[in-house]
Each structure stands twice: as structure tokens, then as C-alpha cells.
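This report goes through a few features of one protein model. Please look at the sequence and the structure before reading on.

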Amino acid sequence: MDVSGFSDTIGPGTKALARVTGAPASFTVAEAALESGWGSSQLACQGKNLLGVKADSSWHGDVLVLNTREFLHATWVMVPARWQKYAGWQACMDDHAAFWHQQGDRTYGPCGWSCGSSACVGLYWML
């Protein structure tokens with residue numbers, strides 16, 4: 001999928017989520033593009049996971065196991081990882097928005113993030 005096709009596909013969903021969560025749509029599109037290679041990664045295609053969300057013990061949905069690169073003991077290694085698997089890209093974005101909404105004061109809206117650049121700066125300082 002090309003860049004404009006990706007943006008056209010997920011754009012309406014990110015705009016709808018922005019109205020609910022306060023997360024700038026441009027920020028969600030950028031994060032999804034970066035994490036999924038514009039929707040072309042194996043995780044995005046097979047797991048409908050645009051945002052690189054791993055499945056931990058709290059996840060009760062389907063799981064996809066794929067290798068990933070991790071920095072362990074001062075070296076990069078390939079390890080199998082359990083990833084959350086979704087029914088579709090919108091379900092992935094909905095789950096991501098729910099995660100941020102559950103963070104309380106750490107959500108986009110209460111932080112006053114009205115555009116992608118302020119969201120990036122705010123997220124940087126939160127991490």
C-alpha cells in the first residue's frame with residue numbers, strides 16, 4: 001500500500017478517535033505508519049496490529065507469534081514475541097485509544113495536546 005492509500009484507509013478512523021480521546025489524528029497515523037511500515041509489515045498484514053502492541057498476561061484476545069529484534073545484554077538479538085492480534089486495523093486503533101484513555105491524567109486531551117508536534121513533545125517527557 002502506498003502512503004496516500006494508507007492515510008486514506010486509516011484516516012477516518014483516527015479522526016473519529018481524535019474526537020473521543022483528544023489524540024491528534026496525525027499523531028496516530030504517524031505512529032501506525034512508523035510501526036507498520038505503512039501497513040506492509042508482517043504484523044500489520046497477519047495480525048492487523050499497526051502499532052506494535054505486544055500481548056502480555058492481561059491480553060485475552062488472539063495472539064500472533066513473530067520474531068522481533070531486542071537489545072539484550074548489550075547486543076541485538078532476534079527473539080520470538082507474542083503480539084496482540086486484531087480482527088482489523090480499526091480494532092487495533094480502538095484498543096490503542098482505550099489504552100491511552102485508561103491512563104487518566106496521561107491521556108492526550110488533558111495534557112493539552114492539540115497537534116502532533118505538542119503530542120510528540122509531551123509523549124517524550126512522559127517516557
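## Cysteines

The count of disulfides is 0, a disulfide being a pair of cysteine sulfur atoms within 2.5 Å. Cys92 is classed as buried because its relative accessibility is 1%, while Cys45, at 41%, is partly exposed. Buried stands for under 20% relative accessible area, exposed for over 50%, and partly exposed for what lies in between, with a 1.4 Å probe and protein chains only.

## Basis of the values

The model is predicted: local features need pLDDT of at least 70 and side-chain atom pairs count only at pLDDT 80 or more, whereas totals for chains, interfaces and linings use all residues. Residues are numbered from 1 along each chain as its sequence is written, and side-chain values use heavy atoms, leaving out hydrogens and water.

## Helix H1

Helix H1 covers residues 3-21; helices are DSSP runs of H or I with at least four residues, numbered from the N terminus. At Gly11 the helix bends by about 40°, and Pro12 is a proline that follows within four residues. The bend is the angle between axes fitted to the seven residues ending at a residue and the seven starting there.

The buried residues of H1 include Phe6, Ile10 and Thr14. Just after H1, Gly22 has a positive phi of about 85°.

## Leu17

Leu17 lies in helix H1 and is buried, with a relative accessible area of 14%. Leaving aside residues up to four places away in sequence, Leu17 touches Gly22, Gln90, Met93, Asp94 and Ala97, where contact means heavy atoms within 4.5 Å. Leu17 and Asp94 are 77 residues apart in sequence, yet their C-alpha atoms are 7.4 Å apart in space.

Terms used. Helix = DSSP H or I, 4+ residues; strand = E, 2+ residues; numbered from the N terminus.
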